[in-house]
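Trainee: Could we go over this one together? I'd like to talk through rings and helix packing.

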Amino acid sequence: MPLPQPCPAPPCCSRRCGAGGANSRQVRRMMGAATTRIGQQDPELVDRTGFSPEQINNLHKRFLQLSGNKDTISRENLNDIPALTYNPIKSQIIEAFFDKRNQHDSEVGSLEEITFEQFLMVMSHFRPPTLEMTAEEKQAMRKEKLRFLFNMHDTDGDGKITLEEYRKVVEELLSSGSIEQESAKEITDAAMLEVASTNVPHMGPEDFYEGITFEHFEQILKGLEMESRMHIRFLDTATVHCGKS
Amino acid sequence: MAGLGSVCSRRLAGFVSLLLLVFVAVISASPDAATGANETLRRPSGHSLDDSHHPRNSSEHRKAFPVLAFNYEHVSKPFVISLWILLALLMKLGFHIIPRVSHIVPESCLLIFVGLLVGGVIKAMDQTPPVLDTKLFFLYLLPPIILDAGYFLPIRPFTENMGTILVFAVVGTLWNAFFIGGMMFAVCQIEAAQVGHVDLLSCLLFGSIISAVDPVAVLAVFEEIHINELLHILVFGESLLNDAVTVVLYHLFEEFAHEGTVTVGDALLGVVSFFVVSVGGVMVGVIYGVLGAFTSRFTSHSRVIEPLFVFLYSYMAYLSAEVFHLSGIMSLIACGVIMRPYVEANISHKSYTTIKYFLKMWSSVSETLIFIFLGVSTVEGPHNWNWIFVIFTLILCLLSRVLGVVGLTFIINKFRIIKLTKKDQFIVAYGGLRGAIAFSLGFLLTDTEKKDMFLTAIITVIFFTVFVQGMTIRPLVELLAVKKKKESKASINEEIHTQFLDHLLTGIEDICGHYGHHHWKDKLNRFNRTYVKKWLIAGDRSSEPQLISFYNKMEMKEAMMLVESGSAAKLPSLASAASLQNAQQRAPPKQRAIPSISKTREQEIRKILRANLQKTRQRLRSYSRHDLFSDPFEDSMSEIRFRKQRVQMERRMSHYLTVPANRQETPSARKVWFEPEHKVYTYDESESPRDGAALETLPDTVSLLSESPQRPDQSSRLRKRGDAEQSANAPDSQEEPQKLSRCFSDPGPKEEEEEEGEG
């Protein structure tokens, strides 16, 4: 049964919908069994993903909205989100959700459908650092986020980003404008050269640079401070997502 | 011997500057003497002219025609101004000759000190020194500094922290003004102070003058300590945006100080006025910015005047805002920020450099002059030193700043994702420096009785913040181990990933379903790309993706650096070009290991390179006043690119030469390589010369090379050939990828090249 649209509230363009309280109660009444299930599993999920219970509830609502109130999401569900159409790296983002490597397992490959827990695991990569975190925790968080990015680029899962894979990334980024094949190649070449020369400065004549490994990837993006940049704001309070997607 | 020479030259420099100091003081302070002398001199010269024309009136004695005359009056004003500026700059030079002092004491302190000296000298001679005239300050000295700051404002951190900055600027300044004003009124009630005549409104006026953080002082001190971007933009952004609050409060209290009472209606009008002043100022700036960007679209035929448009439109924005009593500073910032991306896409590289250097130059001169004049004005007085008033002002300023920052951060941290730590708060509080704006506003006061007292207190606070806080902030930053600014090289990887992250985070937000920060930024970018850029950017650059323009800029910079470095076989540890304050620093380039080559080889290579360089120089067109180059800048860019590629080619060759293999063909190969390069110069650059032309002709040259070390930059071209071959030799397909990725580093063994060479 499709998710009921309890939307007398104004469009949810702000981070905190004013009328959240009443409507969320309404929604929760309608969702009934689903919420209590999440409530029971809460402590486990909270530990594994680091989200707070309210955030988990909000994300669960969104999950149900995307999946059409089913238990799993497939690629088509994510593809149908209208706001994603303009995104140049849309397919890579969607793939990232279905990538087994992002589930903190050591498996490789991709899934066909994901459950809410797996959805949460992927989302947990985008949590912001907290004030109480120690330096080691921040390092670990940065490594995790960089790992996520690395997995997005390394499509064949061999642990290295080769020139071809990197070029695809650049082409996707440029495709939002005009198709510039030559520039994409040049840019990719320059980028790879940069990685090679910073990480392996003394290359002998017989060596060749196979691809960017994770360590090199970390090294090259050291300046970007991923833990402070790669995060989004997750809603704490109960809000309602109006309308579809 | 050399040491003695340098000591002597330093002493000489010091002596000369001292002499100049005295000279300037005398000249500027004694106009009367000069005018007096000139009167007498002019009359006889006028007379002699008359005499020569009307010999009939020769009843008076005839003087000989004056070969040499002294007419100082004629040029006195520009002369004095130039002399002052020259003095200021010589002082600036002087500080850097004495290295030890400039490490401890920030430049602003030294300049104020010099001003004090000069003021003292002038006063000792019983003359009236020039004072920091308010009109001079606000119309001529302040705009260059603000424009420089606004034009080079780092947009990303500014917009990311906009909320925090606004809260500090608006709420923080209001809190400061009212707290200081109120408490000073309480202080004034103390019998011992004998300042009972100061009423509440005057105190509030005083509070509003002294509460604002000054951008000039902040810039002067902060740029020397290189703290991390976040803190820099917080303090600096606050100092820029609090101008609106200061303007409104000042005018408000000044009006009411005369009337004596304030009604609720007036207070409401004040609030409305604040919005009008700030939003109005920004809008004026935006209008002029768009005009400037639009004008730059058509300047492709008169490149020489391009920088002038930027300066004039910005200055007009400032003046127009001042006409309506709107915030000139915000208008200037808005104009610079809006104009910059479009103008930079339209103008030539030389104009860009000109703009950058002129802005730095003007702002540097202005800053120097401001501080010197501050010193001179201090000596001039008139002062009314009241111990209690001054001491309490100082204490309250510090107290209110600390309380304000701590309190506001507590509230702000609830909304920020990256919270501000205690260290951050301390630096933000400590960086609240007051400067010349407070002084000038105080100077504008009309009530002479309180004005002197206020001015004295203001000057004391300024001195305290600039000297004490300015000098101690550097050791404190070291002590607290505050994060410093990371030396950012223009890294293509970082740029790629910054953009990638933007899209990724926008996508994740969309999946989560709420419209956050990234969503709106993405929408704005798309709007910008589809509509605005088409209007404001000329030619096909309007649809150029940002990544490509970044990459081209980076290539251009690298090429320029290689060209500037001259000798091609040197390791790339280049002396960096003059890097002024905000000029993007190219950090020491990546260390490419290049093994040493034999001397004779090196000589040979150099000879050939030099010969080719000379041939290319002859091709440069003549210089005319209206055209810098008869070709657009793309031509010079491709020229530079070729030089750079040649340099890299040479470097690779030198590397390759050490690999033991039979090298007999090398000279012929080289000749063959360089010859076709000239073909490129005759290539008609009718189409977009940037990528197309450069790449079209080179593959021909590749084929001529029997052995060619493939640098990854050129591997793209090689790959083009490789791709062509790939389609021809299907069975080699699994080898090709290997070969291509081998191209990455160093040349493979000889068989590779032969295969590729034959294609």
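This is a predicted model: local features need pLDDT of at least 70, side-chain atom pairs count only at pLDDT 80 or more; totals for chains, interfaces and linings use all residues.

Mentor: Residues are numbered from 1 along each chain as its sequence is written, chains are lettered from A and ligands numbered from 1 in the order in which they are written, and side-chain values use heavy atoms, with hydrogens and water left out.

Trainee: What kind of pair do the rings of A:Phe150 and A:Phe217 make?

Mentor: Rings of Phe, Tyr and Trp (its six-membered ring) pair if their centres lie within 6.5 Å; planes under 30 degrees apart are stacked, over 60 edge-to-face, the rest tilted. A search of the whole structure turns up 27 such pairs over all chains. For A:Phe150 and A:Phe217 the centres are 5.4 Å apart and the planes at 65°, so the pair is edge-to-face.

Trainee: Are A:Phe150 and A:Phe217 buried or exposed?

Mentor: The cut-offs are under 20% relative accessible area for buried, over 50% for exposed and partly exposed in between (1.4 Å probe, protein chains only). By that scale, both A:Phe150 and A:Phe217 are buried.

Trainee: Which class does B:Trp175 fall into, buried, partly exposed or exposed?

Mentor: B:Trp175 forms a stacked pair with B:Phe179, 5.0 Å centre to centre and 20° between the planes. B:Phe179 has 16% relative accessibility, so that residue counts as buried. B:Trp175 has a relative accessible area of 36%, so the class is partly exposed.

Trainee: Which residue lies over the face of A:Phe214?

Mentor: A charge sits over a ring if NZ of Lys or CZ of Arg is within 6 Å of the ring centre and within 35 degrees of the ring normal. Here the distance from the ring centre is 4.4 Å, and the residue over A:Phe214 is A:Arg147.

Trainee: How are H11(B) and H14(B) oriented to each other?

Mentor: Helices (H or I, at least four residues) and strands (E, at least two) are DSSP runs, numbered from the N terminus. Axes are lines fitted to C-alpha atoms, for helices over the stretch in contact, and angles run from 0 to 180 degrees between N-to-C directions; H11 (residues 229-259) and H14 (residues 328-346) of chain B pack at about 135°, axes 7 Å apart. Under 35 degrees is roughly parallel, over 145 roughly antiparallel, 65 to 115 roughly perpendicular and the rest oblique. H11(B) and H14(B) are therefore oblique.
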